[in-house]
Each structure stands twice: as structure tokens, then as C-alpha cells.
Amino acid sequence: MLFYSFFKTLIGHQVTVELKNDLAITGVLTSVDQFLNIKLDDIRVVDDAKYPHMMAVKNCFIRGSVVRYVQLPASAVDTALLQDAARREAQQPTTGGAHSISR
Amino acid sequence: MAELQKFVDLTVEIITSDGRVIVGLLKGFDQTINVILSNCHERVYSENEGVEKMSLGLYIIRGDNIVLIGELDQERDASINLSEIRAAPINDITRR
């Protein structure tokens, strides 16, 4: 749940999400969930000349499983705090998170 | 929760894991992002010709195959001349 909580602190900030299909989208983070699915508002495709496919889309939902990177503004992140929390998480991981879905 | 409820009954554009673009009315979804689209069509992009529309009807798209769901702005979409767009198809997600 660490990164879920981390992304919640970034709601309202502008981020760039690079997907596994190489598409990169910049937008304001409006929502995140336990699967790290992301909702972005006011989006702009990074290479919009190459990807006119989303010209009419202003807001989108991105499935967490297809994200390669999320680029964040450095000023919005307290790296010391994050590092600390990650260290604690590594020593005693909380519940399996998204893996604990029963099918 | 990154809710899709806000998109229900709106026209959405879905990009699938194999790089297809499917546009339709979102009727339902579940936790795994399986999605029901009514009245949908696929927009086939090509570098040599304009966008081709292929009518599909009522579809369930399994969540595994969904990359992105975009809220289609009808006004902006109406102002785009699809026959003039030339673009390479979107990559699939397993490009390595």
C-alpha cells in the first residue's frame, strides 16, 4: 500500500505517465487506486504528432498494469521520507496488496 | 478509487493491448476493468490512408487487454477530420 499512499499525496500535481506501448501522456493526477490505476485530467500526449489517436480525449483512466514509468515533479516528493518508508516496508511488508484478490 | 463510474453512459475511446482504438458508449465495468461498450466501432489508423471506421456493435472487452480509457470530448471529436489523419498504428504493450 506504500505506493498507493505515495501517489495519493501527488493528486493535483502534473505528472507524465509512460506506458508499455511507448505512449507518454502528461496530465494532472486526479485519482489513484490500490491497483495503481491512474486517472489524469487535461491530458496532452507527449508526442502528439506521432499519436493523433487521442486528440479528442481530455481526461483518461490508465490501467495500472500498463504503466512503465510515472514522471513526477521533484519538488513534490520528499525523497527522504519516501526512502525511509520504503526501508520500513522492505523489512516488514504489509499485506500482499493487489495480489490478494481471490479468483 | 480511480473510478470509472464517471465515464458510464459517456462515449469513451479505449486503447487495447494490441494497439487498437475502439470508440463506444461505456455501459458497465468491474474491478478487473472488464468493460461493456455499446454501439462501438474501431478506428483503424494508417500512414497511407485516412482513418477507417469499422462498426462492431455491443462488445465486452476483457480488462487484461485494456491499456487506457479516455473520455471522448464530442465537440473536439466532431471537429477532427478523420480522413485527413495519417498515423502509424499504436504499438502493442509487449514491444521488447
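1. In chain A, the side chains of D84(A) and R88(A) meet in a salt bridge at 3.6 Å, N to O (a side-chain nitrogen of Lys or Arg within 4 Å of a carboxyl oxygen of Asp or Glu). Both residues lie in helix α2 (residues 79-91), four residues apart, about one turn of the helix; helices (H or I, at least four residues) and strands (E, at least two) are DSSP runs, numbered from the N terminus. D84(A) is partly exposed at a relative accessible area of 34%, and R88(A) is partly exposed at 46% (buried means under 20% relative accessible area, exposed over 50%, partly exposed in between; 1.4 Å probe, protein chains only).

2. This is a predicted model, in which local features need pLDDT of at least 70 and side-chain atom pairs count only at pLDDT 80 or more, while totals for chains, interfaces and linings use all residues. Residues are numbered from 1 along each chain as its sequence is written, chains are lettered from A and ligands numbered from 1 in the order in which they are written, and side-chain values use heavy atoms, with hydrogens and water left out.

3. K58(A) and D73(B) form a salt bridge at 3.0 Å, N to O. This pair crosses between chains, from strand β4 (residues 57-62) of chain A to the loop between β5 (66-72) and α1 (74-78) of chain B. K58(A) is partly exposed at 32% relative accessibility, whereas D73(B) is buried at 18%.

4. In chain B, R20(B) forms a salt bridge with E42(B), with the closest N and O atoms 3.7 Å apart. The pair links distant parts of the chain, 22 residues apart: R20(B) lies in the loop between β1 (11-16) and β2 (21-29), and E42(B) in strand β3 (residues 35-44). R20(B) is partly exposed at 40%; E42(B) is buried at 11%.
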